[in-house]
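This report walks through one protein chain, from its overall fold down to single residues. Keep the sequence and the 3D view open while reading.

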Amino acid sequence: MEARDLVMGTILTSNAALELMRQSAVAGLPGEMHAEVVSGGCSDYAIVFKAGRNSGEPISREAGVTLYSKAEQVRLFSGLVIDYQESLSGGGFFLSGKTIDVSSCGNCFSFRAA
């Protein structure tokens, strides 16, 4: 596996990309979003999205938006699928992937033992 394959191993669904594009445009930085794995939520970890590149490495590109992460966290995003779903009560990002166990809320997770 080449380094580029590892870096771009995160999948954004088209719905997630559209929402990230909307958020980045509102913040005045269209097409650039940053993701960070943080402790907390209803499980061990959650992902926080912020507008901008924040000196990060690209981890996914879809529908005109590039998602970046800190260099030391790039490997944590490998194999993750990030989706976005809207409902009458609002919307939210939902995660899936072979390297994580997702909590019942759909947006918090723990890493599976290797």
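## Aromatic pairs

Rings of Phe, Tyr and Trp (its six-membered ring) pair if their centres lie within 6.5 Å; planes under 30 degrees apart count as stacked, over 60 as edge-to-face and the rest as tilted. By that rule, ring pairs link Tyr45, Phe109 and Phe111 into a cluster. The model is predicted: local features need pLDDT of at least 70, side-chain atom pairs count only at pLDDT 80 or more, and totals for chains, interfaces and linings use all residues. Residues are numbered from 1 along each chain as its sequence is written, and side-chain values use heavy atoms, with hydrogens and water left out.

How many aromatic pairs does a search of the whole structure find? It finds five. One of them is tilted, because the rings of Phe49 and Phe93 have centres 4.5 Å apart and planes at 40°. This pair links distant parts of the chain: Phe49 sits in strand β3, Phe93 in strand β7, 44 residues apart. Burial is judged by relative accessible area: buried means under 20%, exposed over 50%, partly exposed in between (1.4 Å probe, protein chains only). Phe49 is buried at 17%. Phe93 is buried at 12%. Phe109 and Phe111 form an edge-to-face pair, with 5.2 Å centre to centre and 90° between the planes.

## Overall fold

The protein chain has three helices and nine strands. Helices (H or I, at least four residues) and strands (E, at least two) are DSSP runs, numbered from the N terminus. The elements run α-β-α-β-β-β-β-α-β-β-β-β from the N terminus on.

The radius of gyration, taken over C-alpha atoms, is 13 Å for the protein chain. A compact globule of 114 residues would have a value near 13 Å, so the two agree. That expectation is 2.2 Å times the number of residues to the power 0.38. Along its principal axes, the C-alpha trace spans about 40 × 40 × 20 Å. Buried residues make up 38% of the 114 residues. Contact means heavy atoms within 4.5 Å. Among contacts between residues at least 6 apart in sequence, 50% join residues at least 24 apart.

## Helix α2

Helix α2 covers residues 14-26, 13 residues in total. At 1.5 Å a residue it should span 18 Å, and its end C-alpha atoms are 18 Å apart, which agrees. The expected span is 1.5 Å times one less than the number of residues.

Which residues of α2 are buried? They are Ala16, Ala17, Glu19, Leu20 and Ser24. The face turned away from the buried side carries the exposed residues Leu18 and Val26. Just after α2, Gly28 takes a positive phi of about 85°.

## Nonpolar core

A nonpolar core is a set of buried Ala, Val, Leu, Ile, Met, Phe, Trp, Tyr and Cys residues joined through side-chain atoms within 4.5 Å. The largest one has 22 residues, and those with the most contacts inside it are Leu20, Ile47, Phe49, Leu67 and Ile82. At least two core residues come from each of α2, β2 (32-39), β3 (45-51), β5 (65-69), α3 (74-77), β6 (80-87) and β7 (90-97).

Not counting residues up to four places away in sequence, Leu67 touches a list of residues including Leu12, Leu20, Met33, Phe49 and Ile82.

Val48 is in strand β3 and is partly exposed at 32%. Leaving out residues up to four places away in sequence, Val48 touches His34, Ala35, Glu36 and Val38.

Asn54 lies in the loop between β3 and β4 (57-62). Its phi is near 50°, a positive value in a residue other than glycine. Asn54 is partly exposed at 44%. Ala63, in the loop between β4 and β5, also has a positive phi near 50°. Ala63 is partly exposed at 47%.

Ser103 is in the loop between β8 (100-102) and β9 (108-111). Is Ser103 buried or exposed? Ser103 is buried, with a relative accessible area of 16%. Beyond its neighbours within four places in sequence, Ser103 contacts Cys42, Ser43, Cys108 and Phe109.
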